[in-house]
Amino acid sequence: MSILGIVAAAAAGMALGALWYAPLMFGRAWMSAIGKTEDQLGSATGPMLGSVAACLATAIALAWLLAAAGVTTIAGGVGLGAVIGLGVVFPALLSDNLFCGWGAQLLLIQSGYRVTCIVVMCAILAAL
């Protein structure tokens, strides 16, 4: 496992999240789907620190899985990331969504980010 790869993958996950939830992409739709305003969200410091830790933990776990699977190419990383994202993460979020009644819009925004993030992280980890 490459420390550089783990740090780069975690940073990419954070950058993707910043873009994904920005007003230019899905930020406004996400706020509407969760029924909150920017004022109601409060300080982002705590959630951002938690997100950094989550991205690092995800990058470490994905690096371990890629190594265990012997994946060493970007294409292999993308493939394994897609399997993990679409076969594990999306169904888990779908189940949560169905029981909690959050709606299709929130499911697509949240799972779209998570699946894309895992694919990107796996590609980076496989490349480094």
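Author: Contact means heavy atoms within 4.5 Å, and what covers the buried residues of α4 includes α1, α5 and α6. This is a predicted model, in which local features need pLDDT of at least 70 and side-chain atom pairs count only at pLDDT 80 or more, while totals for chains, interfaces and linings use all residues. Residues are numbered from 1 along each chain as its sequence is written, and side-chain values use heavy atoms, with hydrogens and water left out.

Reader: Why is C55 called buried?

Author: Buried means under 20% relative accessible area, exposed over 50%, and partly exposed in between, with a 1.4 Å probe and protein chains only. C55 has a relative accessible area of 7%, and is therefore buried, whereas C100, at 46%, counts as partly exposed. C55 belongs to the buried residues of α4, together with A59, L62, A63 and L66.

Reader: What makes the sulfur of C55 too far from the closest cysteine sulfur for a bond?

Author: A disulfide is a pair of cysteine sulfur atoms within 2.5 Å. The closest cysteine sulfur to that of C55 is in C117, at 5.0 Å, so the two are too far apart for a bond. By this rule the count comes to zero disulfides.

Reader: How do you know that the span of α4 agrees with its 25 residues?

Author: Helices (H or I, at least four residues) and strands (E, at least two) are DSSP runs numbered from the N terminus, and the expected span of a helix is 1.5 Å times one less than its number of residues. For α4 this should give 36 Å, and because its end C-alpha atoms are 36 Å apart, the two values agree. After α4 comes G70, whose phi is positive, near 75°.

Reader: Why is the aromatic pair of W20 and Y113 called tilted?

Author: Rings of Phe, Tyr and Trp (its six-membered ring) pair if their centres lie within 6.5 Å, and planes under 30 degrees apart count as stacked, over 60 as edge-to-face and the rest as tilted. The rings of W20 and Y113 are 6.3 Å apart, centre to centre, with 55° between the planes, which gives a tilted pair. This pair links W20 in helix α1 with Y113 in helix α6, 93 residues apart. Both residues are buried, W20 at 11% and Y113 at 5%.

Reader: What makes the aromatic pair of Y21 and W30 edge-to-face?

Author: Their planes make an angle of 70°, with the centres 5.4 Å apart, and the pair is accordingly edge-to-face. Y21 is partly exposed, because its relative accessible area is 23%. Ring pairs link W20, Y21, F26, W30 and Y113 into a cluster.
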